[in-house]
Amino acid sequence: MSELYSIPLIYKAGVYSAAEFSKDIDSDNAISFDYDAQYQMLTYDIPVGKDWRGMTLYNVPEDDLVRMLRVVYGKDGTLQNITTILGGHETLLYIRYENEEHARQEIRRFAIQNADAIIEQIRQCTDVVARLFIEYYCDSDNMDYHAVIGTADQMETVRQKGHYDDSCDYAGNYPSENLEGDNEMLIVMMRCAAGHPCENFRYSVEIMSKHIEEHALSAINKTEDFKYICAEYD
């Protein structure tokens, strides 16, 4: 990717595009990008404390990445964040946290925002709801968090076809689509924070699941035997 040079960790305060950096930047103190055009895969390393952590993003159009890249430096010249526009929405590539408390605050803020996006989709359901599932997964590199609605009619079909007593309590038995927030941003925010990414993810899951329970359940029409089920899948 000849048009996208390394992004220095220290630079002049301000907001920059990809074209404003020199190819002569010292890569030892910068974020360097590697792009696989065949698979539209972007890989790069980010600083986390005293270490560096690998990042991988998929389905990244090269033209959009280069043209829409936005790099922000604070008053002291420290790199604050890198974003681009992919698929019509802002995508976070890197965020710098001042300390552990700052990371917790930002993760909590995003978790509530992400949960609100899922809640809005849940509220659009006009059918009677028998099950609301929250499913999540983390293996450090990949993370997923989504909701699945099981309507009363769908549950009756599952019950009739069920081969085990609790068939109705498994999201995979329902045909509903996954309701998602921004899982790509979720991954970046968790991996940019100090500590194990899966621990950060579990912290966000707790916040999102509680927020959905508090604000979505009262807004839907539920059966008498309604269940809100949160579970990790593999």
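Which residues in α4 meet which residues in α5? In this predicted model, Leu186, Met190 and Arg191 are the residues of α4 that meet Pro197, Asn200, Phe201, Ser204 and Met208 of α5. By class, this contact has 5 nonpolar, 2 polar and 1 charged residues. Helix α4 spans residues 183–192 and helix α5 spans residues 197–216; their axes come within 8 Å and cross at roughly 125 degrees. The two helices are therefore oblique to each other, and the crossing in which α4 passes α5 is right-handed.

The protein as a whole contains 5 helices and 13 strands. Along the principal axes, its C-alpha atoms fill a box of roughly 65 × 40 × 30 Å. Of the 234 residues, 47% are buried. Among contacts between residues at least 6 apart in sequence, 60% join residues that are at least 24 apart.

Helix α2, formed by residues 100–123, comprises 24 residues. From its first C-alpha to its last, α2 reaches 34 Å, close to the 34 Å expected at 1.5 Å a residue. Its buried residues are Ala103, Glu106, Ile107, Phe110, Ala111, Asn114, Ala115, Ile118, Ile119 and Ile122. These buried residues pack against both strands and helices, namely β9 (89–95), β10 (129–138), β11, β12 (179–180), α4 and α5. The two helices of the oblique pair are thus both among the packing partners of α2.

Strand β11, another of the elements against which the buried residues of α2 pack, covers residues 143–151 and includes Thr151. Thr151 has a relative accessibility of 10% and therefore counts as buried, the cut-off being under 20%. When neighbours within four places in sequence are left aside, Thr151 is in contact with Asp127, Val128, Val129, Ala130 and Tyr174.

Positive phi values were also examined in residues other than glycine. Gln40 has a phi near 50 degrees and lies in the loop between β4 (33–36) and β5 (41–48). With a relative accessible area of 30%, Gln40 is partly exposed, because this value falls between the 20% and 50% cut-offs. Asn59 likewise is not a glycine and has a positive phi, of about 55 degrees. The loop that holds Asn59 lies between β6 (51–57) and α1 (62–68). Asn59 has a relative accessibility of 60% and so counts as exposed, a class that requires over 50%.

Notes. Residues are numbered from 1 along each chain as its sequence is written. This is a predicted model: local features need pLDDT of at least 70, side-chain atom pairs count only at pLDDT 80 or more; totals for chains, interfaces and linings use all residues. Side-chain values use heavy atoms; hydrogens and water are left out. Axes are lines fitted to C-alpha atoms, for helices over the stretch in contact, and angles run from 0 to 180 degrees between N-to-C directions. Helices (H or I, at least four residues) and strands (E, at least two) are DSSP runs, numbered from the N terminus. Angles under 35 degrees count as roughly parallel, over 145 as roughly antiparallel, 65 to 115 as roughly perpendicular and the rest as oblique. A crossing is left-handed if the near helix is turned anticlockwise from the far one by less than a right angle, and right-handed if clockwise. Contact means heavy atoms within 4.5 Å. Ala, Val, Leu, Ile, Met, Phe, Trp, Tyr, Cys and Pro count as nonpolar, Asp, Glu, Lys and Arg as charged, and the others, Gly among them, as polar. Buried means under 20% relative accessible area, exposed over 50%, partly exposed in between (1.4 Å probe, protein chains only). The expected span of a helix is 1.5 Å times one less than its number of residues.
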